[in-house]
Amino acid sequence: MIKIIQVRCNGLSKCLNEFTEAELEKYYKPTIMVRGQPKKNLPERLVISCRYCAEGKVIVTRKMIEEM
Ligand SMILES: [Zn+2]
């Protein structure tokens with residue numbers, strides 16, 4: 001099952017943006033290795049330009065990603 005996160009942008013029109021886990025991974029910092037195990041280096045929050053309007057930004061926090 002594909003996990004999808006829905007976040008509204010902070011622009012006037014509050015557009016609903018949807019991201020799959022794979023799409024969000026493109027924004028992660030490079031995966032780091034901890035004791036030979038790959039570990040996702042999740043940033044505290046991602047700021048992504050809204051897909052639907054020019055002024056809006058979508059804020060995705062680490063907590064939201066972890067709870068997907
Ligand atoms: Zn927007």
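Begin by selecting Gln6, a residue of strand β1. The structure on display is a predicted model.

Is Gln6 buried or exposed? Gln6 is exposed, because 9 other C-beta atoms lie within 10 Å and a residue with 12 or fewer counts as exposed.

Then select Phe19 and display the distance between the C-alpha atoms of Gln6 and Phe19. This distance is 6.5 Å, although 13 residues separate the pair in sequence.

Proceed now to Lys14. Where does Lys14 lie? Lys14 is found in the loop that links β1, residues 4-8, to β2, residues 16-20. Lys14 counts as exposed, because it has 12 C-beta neighbours inside 10 Å.

Finally, clear the selection and colour the protein chain by secondary structure. How many helices and strands does the protein chain have? Two helices and six strands make up its secondary structure. Followed from the N terminus, the order of the elements is β-β-α-β-β-β-β-α.

With the whole protein chain in view, two overall values complete the tour. The protein chain has 68 residues, of which 9% count as buried. Where contacts link residues at least 6 apart in sequence, 38% of them join residues at least 24 apart.

Terms used. Residues numbered from 1 in each chain as written. Predicted model: local features only at pLDDT ≥ 70, side-chain atom pairs only at ≥ 80, totals over all residues. Helix = DSSP H or I, 4+ residues; strand = E, 2+ residues; numbered from the N terminus. Buried ≥ 20, exposed ≤ 12 C-beta atoms within 10 Å, placed from the backbone. Contact = placed C-beta atoms within 7 Å.
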